[in-house]
Structures are given as C-alpha cells and as structure tokens.
Amino acid sequence: MRKKFFAVLLLIMALLLTACRTEPNKSGDNKPTKENGLTIGMSFDSFVIERWIRDRDVFVSTANGLGAEVNVQSANGDVETQISQIKYFIKSKVDAIVIVTIDSDALTPAIEEAESAGIPVVCYDRIVRNAGCSLYISFDNEAVGKAMGTSICGKVSNGANIVKVMGPKTDYNVDQVMAGFDKACKDHKLNVLAECNCDEWKPEIAYEFINNNFDTIKEAEAIMCGNDALAGEVIHALAERGLSRKIFTVGQDADLEACQRIVEGTQLMTVYKPVEKLAVLAAECTVKLAKHQPLENVSKFNDGKHEIPYIAIKPVSVYKENIDDIIINSGFHQYEEVYRNAGNSKK
C-alpha cells in the first residue's frame, strides 16, 4: 500500500512540474526587450541649477506623450560619470541620447561613439564641441549676454567699474554669453575690477569670491552674474555689508528667488528663458530623430569641426516693471510666490 502511495505521489509531482515549465525565451536570454515604444537616454550635468528640474519634468512628460520612455540620469557634476552614462546608453541600444553636458570638450569622443553606432545625440542647452551631434537646441546665448549688458549699461555711467561672476570655463555657453555681454558694453568702455569663474556652477564659490575680494568689489557699480543662483550668493554677501541695493546685479534663468529679489529691489534684472518651450520642442525633435524623421525649421551651428542642426529660442529681459506680464501671466511663477517677501503687494 505504501509503495502505491509513493508511486501516485511521484506521478502528481511530475505532472505539476510539467504544468509549471515555461517556454524558453526565444531571444536566448531573459533581458526585457522594447515592444513598440522608443527609449531615450537623458544625462544631466546635475540638478544644482533650479531650472533643470523643470526642464526634466517637461521633457519627460512630452516624450511620454509621444510614446517614448525616458531614462533620466544625473552625473552630479562628474565628467567621468557622464561619460559612463553615455556608454551605458550606447550599450543599451537606446533610440536617442540627450545630454546636458558638464564639459564642452571632454564628452566629444563618447558622443562620436554614439553617433557612429547610429544613435542620434541631442545637445540640450549646452553644446559639445567637435562632436557632430544630431541637434544642438538651446537659447540664444549671445542674446542672453546682450540683455545683461544692455541692462547694466542703462544704469551705470560710461567707464563704470563692474565685476563679472561667471560659470565654469568648461561650459561653452559661458563664452557665448560673455561675447554677447561684451558686444553690448563695447561703447561704454566699462572697467572690469575683478572676475571669477565658478566651477560646476557652485553658488558658494560666488559668495566666497565676494567676501575674499570685497575691498575691490565695493568700488563696483554693477555685477554681472552667470545665472541667478550665483547672483543670489553675490547679493547675500553684499547684503551682509548693506550694499545689496547699491550695486546693480543681474543674472539669468528667472529662478523664483531671483524674481523675488527683483520685486524687493535687490536684483536689477534676470533673463527669462521659457524652458517649457525648449523642453517640449527638444522632446519632439528627439522623438523625430529616434524615428529617423527629418527636422524642420533648423539653422546651422559650427561646433568647431562640423556644421550641425541648430535651434535657438530667444530669451526675454525681466525687470520689476514687466515681471507680471512675463513671469506671472505666463504661469512660470505664481503671483503669491513672487511677491511673498514684498508683503504680497506690488511696490
């Protein structure tokens, strides 16, 4: 009886194993494969700059709506990490790669490798030189610099003392912005007392620079800052000495705190760059490139070695006088947020 019981038990176990057996993967491995959608690899420099969060969210939402999945990664300001991310995207055979580069030169070989593998690369906001990417989409950076220079020159006398607090030398946008700034100020013959490049766009470097060179900087009539985050720390250092309203300071990006400073009177102006428009257009173009479709309404940009497709969006100067029209009415920031520190009222 016991032998018969074990025989029946073995038969039941054999039937269960047969029922649980799955069909082997026809591809020969167990890795997930893309079904119908596209995959985009996106590598950011870091998220130190406030606007990158907005760029990321709008880009991803737009790409998702067009049927593309986006793998977003941050290099946290490390070049080697960003290169590794690009190589990972290549190995993963994504359909397109989008880069917010840390270094305008160091990523060239990695981008060339991706393009050689048939993966289009989009340089978002910042160019990688000599790489021959499939698209460079950004704001008109010279126009940004001209806007800053025009605002300062409209407030100071010819030959006035100024200070420049800029982004890192590895970011080619810095060169473009400064070229525009210098063109706007050429006839005013401004005297540059001191200048600083802030590595990795770290705001704390701007704060330290003002403190360490204050005896010189206090003689300035205006300070040109590479972005609003740097301007914030510059104004912080000036405020500690009671000079935040006496030295004109400008920036770019229209960060919320910068807009608050403008209505409070401690920052002269910022340059608004409609990042939603940029991110939406970039996502649409990236999906087209991933599908090997042609791009429309593009111009050309010389990256140092190649003539590449280029799209530039015009920036807008923002002052206390037009901040409601440009920033609030567009929905970029809310009225209550902008005027929070000004007693929630226009002054």
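Modeller: Here's a walk through the cavity, from count to lining.

It's a predicted model, so to speak: local features need pLDDT of at least 70 and side-chain atom pairs pLDDT 80 or more, while totals for chains, interfaces and linings use all residues. Numbering starts at 1 along each chain as its sequence is written, and side-chain values use heavy atoms, with hydrogens and water left out.

The count comes to one cavity of 30 Å³ or more (a set of points, on a 1 Å grid over the protein atoms alone, where a 1.4 Å probe fits but cannot get out). The largest cavity holds about 170 Å³ of space, taken as what probe spheres set on the points fill, with points joined across faces, edges and corners.

Around the largest cavity sit 19 lining residues, each with an atom within 4 Å of a point. Nearest the centre of the largest cavity you'll find Asp171, Trp201, Gly226, Gln252 and Lys273. Helix H2 (51-65) and helix H6 (172-185) are the elements that give two or more residues to this lining (helices are DSSP runs of H or I, at least four residues, numbered from the N terminus). Of the contributors, H6 gives the most, with four residues.

Key: On a 1 Å grid over the protein atoms alone, a cavity is a set of points where a 1.4 Å probe fits but cannot get out, and a pocket is an open set with protein on both sides within 12 Å along at least five of seven lines; lining residues have an atom within 4 Å of a point.
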